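The tour goes from one contact to the next.

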Amino acid sequence: MRKVIAFLLAITLVSPLFCGCQKQDGTTDDDANAIPQLVNHIQQCSRLYTTDYRIHKVVMVQADKQLETSFLGVGFNVPLGERRLLIPMEATLKGYIDFSNFSEDDIENDGEKVTITLPDPEVMLTSSRIDHDGTKQYVSWYLSNFDTTEQTAHAAKGRQDIIDKVKNDSQQKRHIVEAARQNAANLLIPLISRMGFNEQNITITFRQDFSFENLKIHID
């Protein structure tokens, strides 16, 4: 059986999502308590979603029936009929930063300047939707249609193909990482400022040895 997967090039960057950070009033505590409180506030973000991508894809399956036979010692295939399946689908991938293990070790503070080293960004395929109205089958009249189990299996393969495509697209991964860093900074700097730090003295960065090639992509 031969399967052919086709992609529609329609990847859209959506505005950054909000996170679960709880807004709190600025504090005037002494420096000894400022960093632990800052860690606590950032940990409240838990999973900070920074980017939202919607990917449109068409899964095309060709599973023509053939009979393997031979004549005078020569093997050949005899076509018995066509079975084709087309499944339009849309998947949502969200870039996020998980702050559950964030600690004081990720903060450098010399009194005036503060540097926050972010956890590695990750990507999760959070949802996918099959366009059932747009799903089409082209099957020879004397063959059976693709049943629900077959369609579900091909849709699952399509979701994995989306993940693999992003994993193998260096430019796309770089874009996700840069967006994650920028959007995390846009959301965290106001939070840190409320702790009494000047925005000009706040630096948001990733660990020095992090590369966009390290980006982890999961299926929820």
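Start with E82. Its relative accessible area is 43%, so E82 is partly exposed. This is a predicted model.

Next, select R83 and E150. Here the closest N and O atoms of the salt bridge are 3.3 Å apart. What does this pair tie together? R83 sits in strand β5 (residues 83-98) and E150 in helix α2 (residues 148-167), so the bridge ties together parts that are 67 residues apart in sequence. Check the accessibility of each partner. R83 is buried, at 5% relative accessible area. E150 is partly exposed, at 26%.

Move on to R207 and D209. Their side chains meet in a salt bridge, 2.6 Å from N to O. Is D209 buried or exposed? D209 has a relative accessible area of 58%; the cut-off for exposed is over 50%, so D209 counts as exposed. R207, at 30% relative accessibility, is partly exposed. Now include D120. D120, R207 and D209 are linked in a network of salt bridges. Over the whole structure, the salt bridges number five.

Switch to charges over rings. Select R47 and Y96. The charged end of R47 sits over the Y96 ring, 4.3 Å from the ring centre. Then select K94 and Y49. K94 lies over the face of Y49, and its distance from the ring centre is 5.5 Å.

Finish with the aromatic pairs. A pair of rings is described by the distance of the centres and the angle of the planes. How many aromatic pairs are there? The count is three. One of them is F99 with F102: edge-to-face, 5.6 Å centre to centre, with 70 degrees between the planes. F99 is buried, at 0% relative accessibility. F102 is buried too, with a relative accessible area of 2%.

Now select W141 and Y142. This aromatic pair is also edge-to-face, with centres 5.4 Å apart and planes at 90 degrees. W141 counts as exposed, at 78% relative accessibility. Y142 is partly exposed, at 47%.

How values were computed:
Residues are numbered from 1 along each chain as its sequence is written. This is a predicted model: local features need pLDDT of at least 70, side-chain atom pairs count only at pLDDT 80 or more; totals for chains, interfaces and linings use all residues. Side-chain values use heavy atoms; hydrogens and water are left out. Rings of Phe, Tyr and Trp (its six-membered ring) pair if their centres lie within 6.5 Å; planes under 30 degrees apart count as stacked, over 60 as edge-to-face and the rest as tilted. Buried means under 20% relative accessible area, exposed over 50%, partly exposed in between (1.4 Å probe, protein chains only). A charge sits over a ring if NZ of Lys or CZ of Arg is within 6 Å of the ring centre and within 35 degrees of the ring normal. A salt bridge is a side-chain nitrogen of Lys or Arg within 4 Å of a carboxyl oxygen of Asp or Glu. Helices (H or I, at least four residues) and strands (E, at least two) are DSSP runs, numbered from the N terminus.
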